[in-house]
Amino acid sequence: MATYSKPEYSANGYQTSRPRYKASLVDTILAYHNKNDPTAGTDLVVDVATGTGIFARQLPPYFKRVIGTDISAMMLQSARDASTDNSIDYAEAASEDMSFLKPGSVDVMTVATGAHWFDVEKFVKEAKRVLKPNGTLAIFGYPGFAHFVDYPQCDKILKDYGLGDDNLGRFWDKGREVLVNGYRSYHKAFVKDSWSDIQRYIYPNTIEGEPSAEVPPILATKPVIMDFEVSWNKLQDLLLTWSALTRYHKQYPERENAAKSVVQEMMVAAGSTDMDEQLNLQWEEILLMCHPPQAAAQLAR
């Protein structure tokens, strides 16, 4: 995704202000990985579009080898700088072409809030090539929108800011809609390509177009991938990392920072004056897990 590679984008801001994933998320993925095949391996996990390595750093305790890939050398350097040891190998590679990996060599492949930037058809083909027959693909992410439990009037303000044509909507790189729509396009691609045991969790039930009748999700009753507690100040820091904001202010450098403006708008709507007030938010999130097509025959045995 082009914007993350641009010098005007702050990889350090991304590393500092983006949410961390639940400590239990790796356990959730591994429980799925071993559910139908207790012998499924943990020799190699590949975290695709690793960015600054936020999720990759959770993986070494569970796998013998961890590789994080990304197309941005700048983001990978930030990932290396944030690592405290040499337990993760980083590789500059596109998600659609991981030719450095042998066919059928990967036990688990993860994509943490990055799959929406890929060419869906090409990535699915490449994931199928490198995953072991009993391997697992786990795609998950958060659109960045939330339900304000105490201030529901802020829900629409935040979503209009992120998606409205008069705000950041037209400044996103192509693919943002894939995440906003709950990774339904991936779910459809996996069904079409006969991937097995497809499970797509969404939380809460506020994602646009959900629940889908065509590819029904599982409605989670609690957060599956992250618990991200924020104040107005921390929410502002997160919004400052949105790639569309970088593109917006490249076109409108003279305008007041849009992230700071929308936080002020939400605070006025909420009647709040304290930037350090802790907010009760339900973040929209998606977790999609499946096995490659060749696993179907094994699961049927």
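User: Which residues does Tyr-186 touch, beyond four places away in sequence?
Analyst: This is a predicted model, where local features need pLDDT of at least 70, side-chain atom pairs count only at 80 or more, and totals for chains, interfaces and linings use all residues. Numbering starts from 1 along each chain as its sequence is written, and side-chain values use heavy atoms, without hydrogens and water. Contact means heavy atoms within 4.5 Å. Tyr-186 touches Ala-115, Phe-118, Val-120, Phe-123, Val-124, Ile-139, Val-178 and Leu-288.

User: At what angle do the axes of H8 and H10 cross?
Analyst: Axes are lines fitted to C-alpha atoms over the stretch in contact, with angles from 0 to 180 degrees between N-to-C directions. H8 spans residues 232–239. The two axes come within 9 Å and cross at roughly 145 degrees. Residues making this contact include Trp-232 of H8 and Met-266 of H10; the angle is roughly 145 degrees.

User: How far apart in space are Arg-65 and Ser-87?
Analyst: Arg-65 touches Asp-43, Leu-44, Val-45 and Asp-89, leaving out residues up to four places away in sequence. In sequence, Arg-65 and Ser-87 are 22 residues apart. Their C-alpha to C-alpha distance is 7.5 Å.

Methods. Helices (H or I, at least four residues) and strands (E, at least two) are DSSP runs, numbered from the N terminus.
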